[in-house]
Amino acid sequence: MKDNIISKAKRFIHFLKFCQDDDKDSWTYQDNIKMSKHNNEALLSIIEGNQLVFICEKMPPEHETEGTESAEETSLNEEVSVKLEHHYIGPLPLSINTARQLLSWYAMSQNPNMAQVEAHVLHPLWVRCDMSDPAGTSWLGAETVYVGGKATAVKLYTVSCKGATADETSFITMDQLKQEHQNRHHSSAVVTKGWAEYNLFCSVKEESLVIDSQSSVMATFRWTNVEKILETPPLSSMVTLQIKVTVGDIRSPMFQKFRELEFLLALAEGLRTGEIEWLDPLETQSTVDLTRELIEGLENVANAVPGQKGSEKSKTDSILGFSSMPMERGDLDFTEQLWEKMRKSVTSYQDITDSLKLVIKAVRFGQIKPWVHRDSSSSLSKLIVQSYQQQVDAVPLTGLTPAIMLLELGLDKMRKDYINYLVGKELTTLSHLSYYLSSEVDLQEQVVRLKKLHHLLEILGTCGSFLSLPHERLFFFTQSCLQYYKTAPYNEEHVFEMQIKPALISHFYQTEQPTSWAVEVSSGQGSREVKTSWHLSDKPLVDHVTFDSGLPLEISVSAESEKTAYFRTLVCCSLANFI
């Protein structure tokens, strides 16, 4: 029997070594065990950090289509069958006994005293369990401890879970958790660390804010010397804000700016694909009429001097002002005013062409001599500058040229809007914006960089107007975001992080309940440090079992008297020495 156990252990360890060296992400062992290798499992990331781990789980059942059904039945059920065959049922657990067996083989291979089994340096091994034992074990794990490059012990982890409850009397106490740790490790000197996460968006109890949004602002707190379960993080905590902002949120102080960007993006996409999906016009007047009014307005200004007309604000030019984040400029030049008129009324290529013909004709024949910003780079701005010397190049308004000229106007105008805000608020300098403001790259790349800049403004809008963070924090955060987007692709799913002091957001979290809360009791040092932790979370940390709970998983943000129902997870660690 001993030889049989050793033989099975060797076979399993050779399989693990093969998986570790292989480039694939998953493999099958003995037809019924799925092995995968990754570092993004929520609970394991808390325990193991970002290192790769092996995960064992049960192979999902295969869906097979019956071969005896008629052709007609096959045809009728084809769509349903395809959906069933490709339906993902989620990860499946193994039995507790199978999990223990796999971990025993792993531990055996790491023991230098077991010469019969060839030793390999392996990733930690974790096995999904079916919670069929009295303790409700959902994970078993093993990780080798090395001292001086030699395996000296193995850490054996046990994770047990319970369903959601809002009854805090059912929670473990700090004394009980410390006793649980001491029973395993017989250490009188222990260290306690706390961890909590708050959803700051949900802490605002205003009905108007209870809307679906992909944006989120999470605050993660870490502190030491935890005194009680679910205690509020002290002001001495370390806090990291995790900010993810999706553009176009109606609550954002940048929403009106987003609508302007939306038109520019539709124009750019149309130039790329050859077909533009026009947005609904915001003006009732036609583009040509609005353009004619703009030209006539300039003609009616007697003895117009450079800068006079540009300093005026037309009724339709103003961007909706937000006291917390004003984006309006009072120095719109002629091309910027034209962009504002056109982007609110254009519904066809012909609209663009006819309007630009009116403008170029008026400029060529000296009807108007509008001023433009000196650093404007659009084709139309260059034509206007030429008209000051009565030299205007011919522009064939055919093909995509009119749309390209309009896109240039929008890029020029919106870049200046963003410069005006970022530099005006002393959040950055022109030199730090050079990558985003360059007109030397092709138009499509200019559009991508403008999108990045807009995303940054949306994030700053959240930090400035929603969180009311001080200028110092916004300044350093702006630099890090600008640096990130110089090399990273545009990504609204990216989570930007910022370190702050708890006092800056105390009014958000001190009267709220966290979405997650955890405490860790530890002893030992270095690789031989052992931990016992207790986790509370509004969503289960385990995704391979179903919890039976009659309590709602989400509590309305307007229900002040209600308490969050938390799932409870206990993580214990034992140290098995080889020597």
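These are short notes on a predicted model of one protein chain.

1. Overall make-up. The protein chain holds 15 helices and 13 strands. Of its 579 residues, 48% are buried. The accessible surface comes to about 29300 Å². Carbon and sulfur atoms account for 50% of that surface.

2. Contacts along the sequence. Take the contacts in the protein chain with a separation of 6 or more: 71% of them join residues 24 or more positions apart.

3. Helix 11 and helix 13. Two packed helices are described by the angle between their axes and the distance between the axes. Here, helix 11 spans residues 401-424 and helix 13 spans residues 443-466. Their axes come within 11 Å and cross at roughly 30°. Angles under 35 degrees count as roughly parallel, so helix 11 is roughly parallel to helix 13. The crossing of helix 11 past helix 13 is left-handed.

4. Who makes that contact. Helix 11 contributes Ile404, Leu407, Glu408, Leu411, Met414, Arg415, Tyr418, Tyr421 and Leu422. From helix 13 come Leu443, Gln446, Val447, Leu450, Leu453, His454, Leu457 and Leu460. By class, the contact residues are 13 nonpolar, 2 polar and 2 charged.

5. Thr284. This residue sits in the loop between helix 6 (255-273) and helix 7 (287-299). Is Thr284 buried or exposed? Thr284 counts as exposed, because its relative accessibility is 83% and the cut-off for exposed is over 50%. Thr284 and Lys344 are 60 residues apart in sequence. In space, their C-alpha atoms are 9.2 Å apart.

Notes: Residues numbered from 1 in each chain as written. Predicted model: local features only at pLDDT ≥ 70, side-chain atom pairs only at ≥ 80, totals over all residues. Heavy atoms only, no water. Axes fitted to C-alpha atoms, helices over the stretch in contact; angles between N-to-C directions. Helix = DSSP H or I, 4+ residues; strand = E, 2+ residues; numbered from the N terminus. Parallel < 35°, antiparallel > 145°, perpendicular 65-115°, else oblique. Left-handed = near helix turned anticlockwise from the far one by under 90°. Contact = heavy atoms within 4.5 Å. Nonpolar A, V, L, I, M, F, W, Y, C, P; charged D, E, K, R; others polar. Buried < 20%, exposed > 50% of the residue type's maximum accessible area, 1.4 Å probe, protein only. Areas by Shrake-Rupley, 256 points an atom, 1.4 Å probe, with all protein chains shown as cover.
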